[in-house]
Amino acid sequence: MNAGPSAHLRSLTSLRFAAALLVVVFHLSLVAPGLGGVGRLAAAGYVGVTFFFVLSGFVLTYSWDIDATASRFYRRRFARVYPVHLLFIALAMVPWSPPPNWGALPANLALLQAWSPDDPVARSFSGVSWSLSCEFFFYATFPLLVRLIWRWVRRPLVVGAVSIAVALAVGVTMQRHDPELGAWLFHLPAFRMVEFVAGSLAAMAMTRGWVPRLRVRWAGVFVVVSYLSVLVLPVAIGYRFEDRWALSLAMVPSLVMLIAVNAHVDLVGAPSPLQSRTLVSLGQWSFCIYMAHPLVMGFTQPLLVSAGVFGSLLGCALVVLAVVGVSFVLHVVVERPLERRLRGAADVRTSGATETEGVGESVPLVSRPSVIATN
């Protein structure tokens, strides 16, 4: 692979918008009763978070500089994620919303809330920030993880497949012991780590010469078929809320392939509709879209109470437009300026123009397959 002098993973940035939009539509389907059968198509939209976790592992590994200090890595992750997280904690304290769970505030400030087996604690204050709690655990272990897998893993794709199978076996065993554990597994950082590792191993395979042979459109078909399977099969076997951890894991192989195929397209300089400026911009706003949409939905609830399908679809479309508009303002006014201030102007300049990944990350220019591969 030859990334050229200034390749961006632009297609992956655009895909972040699609994943964030899937989560938004999933939450809309829960509060818009008029959608009926149309809303049920979004019933598995929570797998958008699985995409974020896999993508985060992939891009952080692919762009990792083995000579970079852990402190610099942690500073950049903190600057990228924490200011927006803190903003939405503050907004949850404003009287326009239901009183927050004040006892969970320390865990939220430390981004440890997802470790709690108590679901109201894990989803307290900014409910969607449980995924940031998972990401912070991934970041904490990443500098060590990336060195270990580079040194010891010889067949990354095989190890990735085995890891998913082991996680499924562990999850089934735990849930048989206590059926209520399934809800905890869904947001437990140590368990969701498997998705991050799967993305990391795929990136490692690409740095060692693996080239995904699947075409982009067939990778997309693979994802759609996997999604429909996750949507339909649970209905046939008896779906429970606690089973979402297993359905998320089932999506990992198709998402890994989708990410790898689109990354390869960008790295070899091939054209793709996902490289358009509009989609890339939407992808850059996707962290704010993900964080802001529950609050915007709360304010626009009257648009979602229509009894008819057409009225509900129109209301949902207006809410999505409102979410995108608010997210653009947050990105320009809060997210990017605070990131630059916390990281320092020099650090931002050295990273070049950035693309985004994960739930809320920044990725530098890629000028070669990986710095790791040269060490």
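**Entry 1: a cut-off to begin with.** I count a residue as buried under 20% relative accessible area, as exposed over 50%, and as partly exposed in between. I also remind myself that this is a predicted model.

With that cut-off in hand, I looked up R123, which has a relative accessible area of 27% and is therefore partly exposed. D119 is partly exposed too, because its relative accessible area is 23%. The side chains of these residues, R123 and D119, form a salt bridge, with 3.1 Å from N to O.

**Entry 2: the whole chain.** I found 16 helices and two strands in the protein. The protein has 375 residues, and 53% of them count as buried. I then turned to contacts between residues at least 6 apart in sequence: 82% of these join residues at least 24 apart.

**Entry 3: two helices side by side.** How do the axes of α3 and α7 cross, and within what distance do they come? I noted that helix α3 covers residues 47-62 and helix α7 covers residues 130-152. Their axes come within 11 Å and cross at roughly 25 degrees. Angles under 35 degrees count as roughly parallel, and so α3 and α7 are roughly parallel to each other. The crossing of α3 past α7 is right-handed.

Next I listed who touches whom. On the α3 side I have V49, F52, F53, S56, L60 and T61. They meet W130, S131, C134, E135, F138, Y139, F142 and V146 on the α7 side. By type, the residues of this contact of α3 with α7 come to 10 nonpolar, three polar and one charged.

**Entry 4: salt bridges.** How many salt bridges does a search of the whole structure find? I got six.

I looked at E339 and R80, a salt bridge whose closest N and O atoms are 3.9 Å apart. This pair links distant parts of the chain, for E339 sits in helix α15 (residues 309-343) and R80 in helix α4 (residues 70-92), 259 residues apart. Are the two partners buried or exposed? E339 counts as buried because its relative accessibility is 1%. R80 also has 1% relative accessibility and so counts as buried.

Then I took R192 and E195, whose side chains meet in a salt bridge at 2.7 Å, N to O. Both residues lie in helix α10 (residues 189-207), three residues apart, which is about one turn of the helix. R192, at 1% relative accessibility, counts as buried. E195 has a relative accessibility of 1% and is likewise counted as buried.

**Entry 5: one more stop in α10.** I finished with T207, which also lies in helix α10. Its relative accessible area is 11%, so T207 is buried. How far apart are T207 and Y62 in sequence and in space? I noted 145 residues along the sequence, and 7.3 Å from C-alpha to C-alpha.

Key:
Residues numbered from 1 in each chain as written. Predicted model: local features only at pLDDT ≥ 70, side-chain atom pairs only at ≥ 80, totals over all residues. Heavy atoms only, no water. Axes fitted to C-alpha atoms, helices over the stretch in contact; angles between N-to-C directions. Helix = DSSP H or I, 4+ residues; strand = E, 2+ residues; numbered from the N terminus. Parallel < 35°, antiparallel > 145°, perpendicular 65-115°, else oblique. Left-handed = near helix turned anticlockwise from the far one by under 90°. Contact = heavy atoms within 4.5 Å. Nonpolar A, V, L, I, M, F, W, Y, C, P; charged D, E, K, R; others polar. Salt bridge = Lys/Arg side-chain N within 4 Å of Asp/Glu carboxyl O. Buried < 20%, exposed > 50% of the residue type's maximum accessible area, 1.4 Å probe, protein only.
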